[in-house]
Amino acid sequence: MKGMLRRCASCGTYTLRENDCPVCGGQVRIPHPAKFSPQDRFSRFRIALKEKEGSCG
Ligand SMILES: [Zn+2]
């Protein structure tokens, strides 16, 4: 798609480049809401930690 605006995952700069950020060279992503949320990632991480604690003892 032409004119797709992307956002750097590292510094948050908006760019039309597809490969890397023109400012810091970081990875750029389309700033659309993804299927998964960052909160979900954290909750999964916390569940993993909980299981670790539970198995100890
Ligand atoms: Zn950047």
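How many bridges join strand 1 (residues 6-8) to strand 3? Let's work up to that with a few notes on the fold.

1. Before anything else, keep in mind that this is a predicted model. The protein chain has 57 residues, and buried residues make up 7% of them.

2. The 3 strands make an open sheet, ordered 2-1-3, with antiparallel pairing. Strand 2 (14-15) and strand 3 are the edge strands, each pairing on one side only.

3. Back to the opening question: strand 1 and strand 3 are joined by 2 bridges, and the two strands run antiparallel. If you want a spot to look at in the structure, find Cys8, which sits opposite Val28 in strand 3.

4. Next, have a look at His32. You'll find this residue in the loop that links strand 3 (28-29) to helix 1 (38-55). Is His32 buried or exposed? His32 counts as exposed because it has 9 other C-beta atoms within 10 Å, and the cut-off for exposed is 12 or fewer.

5. His32 and Arg6 are 26 residues apart in sequence, yet their C-alpha atoms are 9.0 Å apart in space.

6. Finally, a word on contacts across the protein chain. Take the contacts with a separation of 6 or more: residues 24 or more positions apart account for 7% of them.

Definitions and conventions. Residues are numbered from 1 along each chain as its sequence is written. This is a predicted model: local features need pLDDT of at least 70, side-chain atom pairs count only at pLDDT 80 or more; totals for chains, interfaces and linings use all residues. Helices (H or I, at least four residues) and strands (E, at least two) are DSSP runs, numbered from the N terminus. A residue is buried if 20 or more other C-beta atoms lie within 10 Å of its own, exposed if 12 or fewer, and partly exposed in between; C-beta atoms are placed from the backbone. Two residues are in contact if their C-beta atoms, placed from the backbone, lie within 7 Å. Two strands pair if DSSP finds at least two bridges between them.
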